[in-house]
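This report goes through a few features of one protein model. Keep the sequence and the 3D view at hand while reading.

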Amino acid sequence: MCGAFNEEDLAHLKTYNSCPGCDLTKANLSWLDLQEADLGGADLRKAQLIRTNLRRTNLVKANLTDANLLAASLVGAELTETNFYRANLRGANMTGNNLQGTTFRGAVLVGTNFTDADLSHADLRDTWMYSSQLKETILTGANMSTAKVWYHQIKKAILCDTNTRFWNVVNTGCAAM
């Protein structure tokens, strides 16, 4: 059951910029500077993170299901096994991030900046990716089979064994074997 956040966990985060494994469900963390914070394994379901600075933050194995990260900065964040299921990442900056195997299913990725990011084997099904910046993004093995994306957005990306909506499996920009 998705209840309210733990007040002690929120106070700990604000005091120490660290709260691994904390319950911050539905917490309002909008406009905070959480740069280099440790939120590994934190429960951030339905949290509000509008314009939050999450640069170089540890979010490994964090659960951000249904979280609102509108225009948040996640550049350099550690995002291994992070769950962004149905999250709002509209206008978020994820430039150059390692997002291999990350779950974005059902997320709003309109205007999200993924330039130079590695989305290999990411689950991008049911996402809205219109106007996302995907220049030189690695999408090897990503599942985009039901993603809403314009072709011109992905033509400069690396697509090897990438499952797409209209073009089935695409192999463009693959390294020579």
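## The buried cysteines

In this predicted model, C19 has a relative accessibility of 1% and counts as buried. C22 is buried too, at 6% relative accessible area. Both labels follow because buried means under 20% relative accessible area.

The two cysteines are linked: a disulfide joins C19 to C22, with an S to S distance of 1.5 Å. A disulfide is a covalent bond between the sulfur atoms of two cysteines. The C19 and C22 link is left-handed, with -80 degrees about the S-S bond. How many disulfides does the count come to? The count is one.

## The nonpolar core

The largest nonpolar core is made up of 49 residues. Within this core, the residues with the most contacts are L69, L74, F104 and F114.

What does F114 touch, once its neighbours within four places in sequence are set aside? Its contacts include M94, L99, F104, L109, L119 and M129. Q133, L134 and T137 are also in contact with F114.

## Two residues with positive phi

W31 is not a glycine, yet its phi is positive, at about 65 degrees. It lies in the loop between α1 (7-16) and β1 (143-144). Is W31 buried or exposed? W31 has a relative accessible area of 63%, so it is exposed.

R51 is likewise found in the loop between α1 and β1. Its phi is near 55 degrees, a positive value in a residue other than glycine. With a relative accessible area of 49%, R51 is partly exposed; it does not count as exposed because that label requires over 50%.

Note on methods:
Residues are numbered from 1 along each chain as its sequence is written. This is a predicted model: local features need pLDDT of at least 70, side-chain atom pairs count only at pLDDT 80 or more; totals for chains, interfaces and linings use all residues. Side-chain values use heavy atoms; hydrogens and water are left out. A disulfide is a pair of cysteine sulfur atoms within 2.5 Å. Buried means under 20% relative accessible area, exposed over 50%, partly exposed in between (1.4 Å probe, protein chains only). A nonpolar core is a set of buried Ala, Val, Leu, Ile, Met, Phe, Trp, Tyr and Cys residues joined through side-chain atoms within 4.5 Å. Contact means heavy atoms within 4.5 Å. Helices (H or I, at least four residues) and strands (E, at least two) are DSSP runs, numbered from the N terminus.
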